[in-house]
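Here are some notes to read alongside the model, written for someone meeting it for the first time. Please keep the viewer open and follow the points in order.

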Amino acid sequence: MSVMGLHADLIWKGKAGIGHGMPFAWIYSTEPNTGKTEAATLAHSMLGMFKRQPWAGDATKPALFERLAQQANLTVVVDDVVVRKDESQAYAQLGRSIFDQSTRAVCGKARTPLSSAMFTSNNLINTEDAAFQSRCIPIKFDKLVSSGKEDSDLYNDWVSCRELVSALTPDFESLLLDGGLDHEAIMDCASYMQIAVSKQRDRNANLWGLLLYYMLNVRLMFQASCETLETVVHWVVTE
């Protein structure tokens, strides 16, 4: 999602070939200690922000709109959002504005999103809001299972990894074809997702196809094996 966000302006212009909406991500898990926050810090690092922490979950809608309008193609990462009763009109409106890049005007001020967003939470919200869900890529984290092995350097290695990917932001941004998005490859991924989930012209399936395109590109960038690429495809289809 971070790498996709680096091309948000092109996606809003319809250059992906599957519409002109930029999805946002909702990362959730009902289990504690699943690694959502660490994943959020990695996503932030992929944007070149290794030394900055994600936004706090209690940030207000106006504050988030200000940030979304101030930075372009740099996904705003918001960690640990708490929503009572799993319903939020504020996030329902914010999600629509991000996807459609619609302008919010209040008291003479007009703010238009220039970046997408990622949110982490302990629950999935607005499940009855079909329009919200169709614009969102929900990613569920399962409960962690211990491997039974102790590695005293594991966390230090993780921090080093985050610092490394933070230096690769220009390389992530350069995942283009002749300076633009490879819309034919994106449409192939979207078509594959439509077939895999037995749907036609489904907005959310197209967004998952867009995510698949970026995940495969990043894996190839890191010289992943064919087995790893197959695992990525399986995860996207089953998620």
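**Notes on a predicted model**

1. Let us start with one side chain. Leaving aside residues up to four places away in sequence, His44 touches Met49, Arg52, Gln53, Pro54 and Val77. Please bear in mind throughout that this is a predicted model. His44 is found in helix H3. Is His44 buried or exposed? Its relative accessible area is 3%, and buried means under 20%, so His44 counts as buried.

2. Now widen the view to the helix around this residue. Helix H3 covers residues 36–45, and its buried residues are Lys36, Ala40, Thr41, Ala43, His44 and Ser45. What do the buried residues of H3 pack against? Their partners are helix H1 (2–5), E1, strand E3 (76–81), E6, helix H7 (154–166) and helix H8 (169–173).

3. Five strands make up an open sheet, and their order is E2-E3-E6-E1-E7. The pairing in this sheet is parallel. Which strands lie at the edges? They are strand E2 (55–56) and E7, each of which pairs on one side only. Helix H4 (residues 61–70) packs on the sheet, where H4 touches E2, E3 and E6. The direction of H4 makes about 155° with that of E3.

4. With strand E7 (residues 136–140), E1 pairs in the parallel sense over five bridges. Two partners in E7 can be picked out: Pro138 is the bridge partner of Trp26, and Ile137 is that of Ala25. With strand E6 (residues 117–121), E1 pairs in the parallel sense over four bridges. Here Ile27 stands opposite Thr120, and Met118 is the bridge partner of Ala25. Ala25 therefore has a bridge partner in E6 as well as in E7.

5. Why is E6 described as largely enclosed by the rest of the structure? The reason is that five of its five residues are buried. Ala117, Phe119 and Ser121 point one way, Met118 and Thr120 point the other way, and all are buried. E6 also pairs with E3 in the parallel sense, over four bridges. Within that pairing, Val76 has Ala117 of E6 as its bridge partner.

6. Let us move on to helix packing. Two packed helices are described by the angle between their axes and the distance between the axes. Helix H9 (residues 183–196) packs with helix H10 (residues 203–221) at an angle of about 125°, and their axes are 7 Å apart. Because of that angle, H9 is oblique to H10. The crossing of H9 past H10 is right-handed. On the H9 side the contact is made by Ala185, Ile186, Cys189, Ala190, Tyr192, Met193 and Gln194. On the H10 side it is made by Ala205, Asn206, Trp208, Gly209, Leu210, Leu212 and Tyr213. By class, the residues of this contact are 11 nonpolar, three polar and no charged.

7. H9 has another packing contact to inspect, with helix H11 (residues 226–238). The axes of H9 and H11 come within 10 Å and cross at roughly 55°. That angle makes H9 oblique to H11. This crossing is right-handed. Tyr192, Met193 and Ala196 of H9 make the contact with Val233, Val236 and Val237 of H11. How many nonpolar, polar and charged residues does the contact of H9 with H11 have? There are six nonpolar, no polar and no charged residues.

Terms used:
Residues are numbered from 1 along each chain as its sequence is written. This is a predicted model: local features need pLDDT of at least 70, side-chain atom pairs count only at pLDDT 80 or more; totals for chains, interfaces and linings use all residues. Side-chain values use heavy atoms; hydrogens and water are left out. Axes are lines fitted to C-alpha atoms, for helices over the stretch in contact, and angles run from 0 to 180 degrees between N-to-C directions. Helices (H or I, at least four residues) and strands (E, at least two) are DSSP runs, numbered from the N terminus. Angles under 35 degrees count as roughly parallel, over 145 as roughly antiparallel, 65 to 115 as roughly perpendicular and the rest as oblique. A crossing is left-handed if the near helix is turned anticlockwise from the far one by less than a right angle, and right-handed if clockwise. Contact means heavy atoms within 4.5 Å. Ala, Val, Leu, Ile, Met, Phe, Trp, Tyr, Cys and Pro count as nonpolar, Asp, Glu, Lys and Arg as charged, and the others, Gly among them, as polar. Two strands pair if DSSP finds at least two bridges between them. Buried means under 20% relative accessible area, exposed over 50%, partly exposed in between (1.4 Å probe, protein chains only).
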